[in-house]
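Take a look at the sequence and the structure below. Then use this briefing to find your way around.

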Amino acid sequence: MTATRGKPGQQLYRNARIMDPATGLDIHGDLLVENGRIVRTGKDLAPPKKNGAVIQCDGHVLTPGLVDSRVFIGEPGGEHRETIKSAGKAAAAGGVTTLAMMPDTEPVIDDVSVLEFVRKTAKSKSKVRVLPTASITRGLEGKEMTEFGLLRDAGAIAFTDGRKTVGDAQVMRRALTYAGDFGALLMGAHRDHALGSGVMNAGLNATRLGLSGQPREAEIIPLERDMRLVAMTKGRFHASSLSTSDSVEIIARAKDKGLDVTAGVPLANLALNETDIGDYRTFFRVSPPLRDEQDRLAMVQGIKDGTLDMICSNHDPQEEDTKRLPFADAADGAVGLETLLAVALRLYHSGDVPLMRVLECLSLAPARRLGLKCGCLAKGARADLILFDPDYPWVLEDTKLHSRSRNTPFQGARLSGRVLKTIVLGRTVFQLEDQD
Amino acid sequence: MSQLPPSSRPLETDAPAFQLPAFGLKHLLGMEEVSPHDIATLLDRADTMVEVSRQSEKRRNTLFGRTLINLFFENSTRTQSSFEIAGKRLGMDVVNMAVQTSSVKKGETLLDTAQTLNAMRPDLLVVRHSAAGAAALLSQKLGCSVINAGDGAHEHPTQALLDALTIRRSKGRLDGLTVAICGDIAHSRVARSNIHLLNTMGARVRVIAPSTLLPSRVDELGVTVFKRMEDGLPGCDVVMMLRLQTERMAGAFVPSAREYYRYFGLDSARVRLANPDAIIMHPGPMNRGVEIASDIADGVQSVIVEQVEMGVAVRMAVMEALMGVESNL
């Protein structure tokens, strides 16, 4: 998408554990980059040409940079929460080299003019690739379709109503039908407006805390509806942020029927459950809400067996004012760009999911679904890479976050796995050793 | 599915065994079940009516003294005037029932209105209504002949006939031609009537529209479906553009008029994809810059103005045929 030129010359990444989910490659070796593109991988590659650099990798993992399919940014309209520039910094620190930006801005990305603004700002201000999505309906109101053709031609990579679920089945049906003509991808969250009005997962915990609950059906019913609509319209759909075991089954059935659907799970719903809310801690108020342990395990299993395709950060920066409130009044959302890799690696460290599969869910799968030519180490591919140490122990300190907002549920958490370098088109955009 | 060329005279008047059956219809409610013979008969008659309308004395008086009532529940100056002029050129007494001024506004049902009129014994009722099937309902309950001037999204048979006449006069035939109907097929009675007539007469019909404007299973009507102008226009002899009904569609079926024009509008680049001698048609009224570029609507390939002229001739022919006037071909 960006016309940013690659870093000129050659760089040789030496002595790395090279992992490429696209091919299953897992070797100890070298990777050569030229002018921002991958040239080759191998063992004991020749030194680079005269103005090239050698980067010692010390056996750490070198793999395609992460592709995050669900990121909320506050620009335009909410720059105090997060700008495109600060999101880019946060992404770089987290190893996310490409992210899909949600259209929930002010104004909404529902028109070519706003899309153009975002695209231009991203190109000039962000260190990583920020790719805009456009909304399905004007103003996110769920009534009128946006101009899918013009928006797609202007650079929208997919269409989604962001945090909202399109409530009217006829509107969703027509959107899927119309999008189909353009080969466009629709993405969606699943939270029924009425059933999903509660502030946390419905159940014993909500009862004890005296908080209104969202039943699981608030996600299941619109998801099932959308699967039926996809079957009817032969559309293309990605269920971005699932959280229940029933949702996983629905996706499995839809895939068995040959429907063109994929699914993602947000980081928080993979790593946490509703008991983590503890004493009304608002950083654990997210959408979809943290569910019980059974649902969490079902999401892990879904990633493991391939029913779920990708992990997203669901990065949703919220300022202090909207979080320092009673739980029921606080805003939903948690930041996640900088903890995406480390927390996702918990699935690997626990033995539940192989490392290659975790990486596939973080890079290759989202790249493929969004139609992006990244997320792999093929010759000629963008040299968007991360170098990370899966065993690097660290404790997250929210003051060290690059995001403008600090609403992370992992404050103080012990994490294992950290990005050492992030490279975009051959240029290092983040180095851990440069951080204080 | 043969179609009689206008210039042939297949009948020998002293060989009754070869006489083709008389015009078979009492009403003209749609094109779906009309035989090729009846279509050809109407088109042949209409051809002669064109000449009548071009004389300075435009009267034929074949239907002198008969009564025609135009019952239009939907606003339409052009179609209503067309029927009125047609009736008057045949010498009929024409009454225009504008719904606004009639008792229907006072809450009278469709049937009651019609039965009231029926009691005044009209010979011919022309009806346009927003509900599909309205003309059929009237034809079952009244004694006179009924012409459907458009019932909801169902049929508009005289439009299809005038379109066919325009095509035939321009191309010399109907069978074997490739005709593309482009636009809001889902809501269009003009599209449906044209599809039936053109298929009956042996043309090859295509529809080109975004999926949201295609009715369910439209291919089973005997058309080839295209979702892009670039795919459907090459090879076309006739390109028929339908009006995008912007007033009822904003954001619902297509996002906006400008997006529609960008991907489905007929501009000069797209016209060049069709055959070089292709004719451009539109039932009117046109949305210039939405479904059709102004320069194309007014260009050399456009027969849009002739369509209107053919309309009066076709309606004269239909009225004579329904009233059982012998053809003097």
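**Strands and their partners**

In this predicted model, strand E1 (residues 10-20) and strand E5 (residues 61-64) of chain A pair in the parallel sense over 2 bridges. Strands are DSSP runs of at least two E residues, numbered from the N terminus. Two strands pair if DSSP finds at least two bridges between them.

- A:Ile18 has A:Leu62 in E5(A) as its bridge partner.
- E5(A) also pairs with strand E16 (residues 385-395) of chain A, in the antiparallel sense over 4 bridges.
- There, A:Thr63 has A:Ile386 in E16(A) as its bridge partner.

**A buried arginine**

- A:Arg70 sits in strand E6 (residues 66-71) of chain A.
- A:Arg70 is buried (under 20% relative accessible area, 1.4 Å probe, protein chains only).
- A:Arg70 has no salt bridge (a side-chain nitrogen of Lys or Arg within 4 Å of a carboxyl oxygen of Asp or Glu).

**Where chains A and B meet**

- The contact (heavy atoms within 4.5 Å) takes 15 residues from chain B and 16 residues from chain A.
- The two chains bury about 1,400 Å² between them, 51% of it on carbon and sulfur atoms. Buried area is the accessible area (1.4 Å probe) that two parts lose on being put together, summed over both.
- Chain B and chain A share 3 salt bridges.
- A:Glu147 and B:Arg258 meet in a salt bridge through their side chains (2.7 Å, N to O).

**Reading notes**

- Residues are numbered from 1 along each chain as its sequence is written, and chains are lettered from A in the order in which they are written.
- Local features need pLDDT of at least 70, and side-chain atom pairs count only at pLDDT 80 or more, while side-chain values use heavy atoms, leaving out hydrogens and water.

Terms used
Buried < 20%, exposed > 50% of the residue type's maximum accessible area, 1.4 Å probe, protein only. Lys, Arg positive; Asp, Glu negative; His and termini not counted.
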